[in-house]
Amino acid sequence: MTRVLAVSTVFPPHRYRQQEITDVLASCLPSGADGALLRRLHGAAQVETRHLALPLDRYRELGGFGHTNRLFVELAVGLGAEAVQRALEEAGVRAEEIDLVVSTTVTGIAAPSLEARLAEHVGLRPDVKRVPLFGLGCSGGAAGLARVHDFLTGRPGGTALLLSTELCSLTLQPADTSPANLVAGSLFGDGAAALVAIGGEHHNATARGAGSSGPVVVATRSRLYPGTSHLLGWDVGDWGFRMVLGREIPELVRLHVAEEIESFLAGHDLKPRDVAAWICHPGGPRILDALADELGLPDTALAPSRRALASTGNLSSASVLQILRDTCVEAPPTGATGLMVAFGPGFSSELVLLAW
């Protein structure tokens, strides 16, 4: 058994209305580009506000990949350290008690990795086990929790930390007029999240985090869908990270992920209607609509995901942890079942079954 003690979320101080971001990105388009298409996509994204790593006017001045990646490392370490410190405080856990730290990001490259760079600052032990993850994309938060669960299943007396740090805005290509880049520019925001969990034989295994009532992890499932690797990910070059985003993604969610969810739940004698808390990655309105329609979910089921999308945009791997945090604050009743759902490059899905 893995118990979540606390989840924290932290955002950069620069928060903007969607219309402000739309106006700046429209002004960056090359001559002759379809600004009306950009505005339609931004208007349809159902995003109201987003936090950005930099002041909005600085995005006109971003240089090449080396420049933006140095900014990523500098800003991500500070934001990640703040998220970790908040989660530890809320969990009532000292940094030196952490046995494992899993760190996930897909919006920048750092070696030493982010958790190594912030370890001394936040007080992690020199012998802490580290698992830095890159390339899982938006599924990294769910996959990270699953890997934490794997570790604590084998080390039931242990304590683990999960850190997700995503500065999506630093990957945007302001002059790129491809539909994938325009969609990315309409959806993604910046933020970090951290989670503290303990194993079932930990001396504090029945404890609750100071700021939330955390669930236990019941089971996890990872799935790759063959023949879909060209539909989601990064095209990496001198220009940095360029979005690869196939129009087929909502249909893949409809045809394959919904079936995957039903199969996973059935293995635990559950149906979608038995899930009280849906912690679903807000990949975009079309993805949420496809999942809700195919599973027959009521409007309330994915409301937390839609609220997160509206208030902060898509935070890549940090989004599901943000939604888990919000769900814990609302304190589901004892015995409630939750399901964390996220999608990533591959095309892939990650499922984590939770219980309160």
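Mentor: Contact means that heavy atoms lie within 4.5 Å. The model is predicted, so local features need pLDDT of at least 70 and side-chain atom pairs count only at pLDDT 80 or more, while totals for chains, interfaces and linings use all residues. Residues are numbered from 1 along each chain as its sequence is written, and side-chain values use heavy atoms, with hydrogens and water left out.

Trainee: Leaving aside neighbours within four places in sequence, which residues is L124 in contact with?

Mentor: L124 is one of the residues that touch the most other members of the largest nonpolar core. Neighbours within four places in sequence are set aside, and the contacts of L124 are then A95, I98, V101, A119 and L161.

Trainee: How many residues are in the largest nonpolar core?

Mentor: A nonpolar core is a set of buried Ala, Val, Leu, Ile, Met, Phe, Trp, Tyr and Cys residues joined through side-chain atoms within 4.5 Å. Buried means under 20% relative accessible area, exposed over 50% and partly exposed in between, with a 1.4 Å probe and protein chains only. In soluble globular proteins, nonpolar side chains tend to be buried together. Y59, L124, L161 and L170 touch the most other members of the largest core, whose residues number 47.

Trainee: Which element gives the largest share of this core?

Mentor: Helices (H or I, at least four residues) and strands (E, at least two) are DSSP runs, numbered from the N terminus. Elements giving two or more residues include strand 1 (2–10), helix 1 (18–28) and strand 7 (190–199). The largest share, 12 residues, comes from helix 3.

Trainee: How many residues are in the other core, which lies apart from it?

Mentor: Among the members of that other core are V7, V102, V148 and L195. Its residues number 32.

Trainee: At what angle do helix 2 and helix 6 pack?

Mentor: Axes are lines fitted to C-alpha atoms, for helices over the stretch in contact, and angles run from 0 to 180 degrees between N-to-C directions. Angles under 35 degrees count as roughly parallel, over 145 as roughly antiparallel, 65 to 115 as roughly perpendicular and the rest as oblique. Helix 2 and helix 6 are therefore oblique to each other. Their axes are 8 Å apart, and the angle is about 45°.

Trainee: Is the crossing of helix 7 and helix 8 left-handed or right-handed?

Mentor: The axes of helix 7 (residues 249–266) and helix 8 (residues 285–295) come within 9 Å and cross at roughly 40°. A crossing is left-handed if the near helix is turned anticlockwise from the far one by less than a right angle, and right-handed if clockwise. The crossing of helix 7 and helix 8 is right-handed.

Trainee: By class, how many charged residues does the contact of helix 7 with helix 8 have?

Mentor: Ala, Val, Leu, Ile, Met, Phe, Trp, Tyr, Cys and Pro count as nonpolar, Asp, Glu, Lys and Arg as charged, and the others, Gly among them, as polar. Residues making the contact include R254 and E262 of helix 7 and R286, D293 and E294 of helix 8. The contact has 10 nonpolar residues and no polar ones, and its charged residues number five.

Trainee: Does T327 count as buried or exposed?

Mentor: T327 is found in helix 10. Beyond four places in sequence, T327 touches A277, I279, P332 and W356. Its relative accessibility is 6%, so T327 counts as buried.
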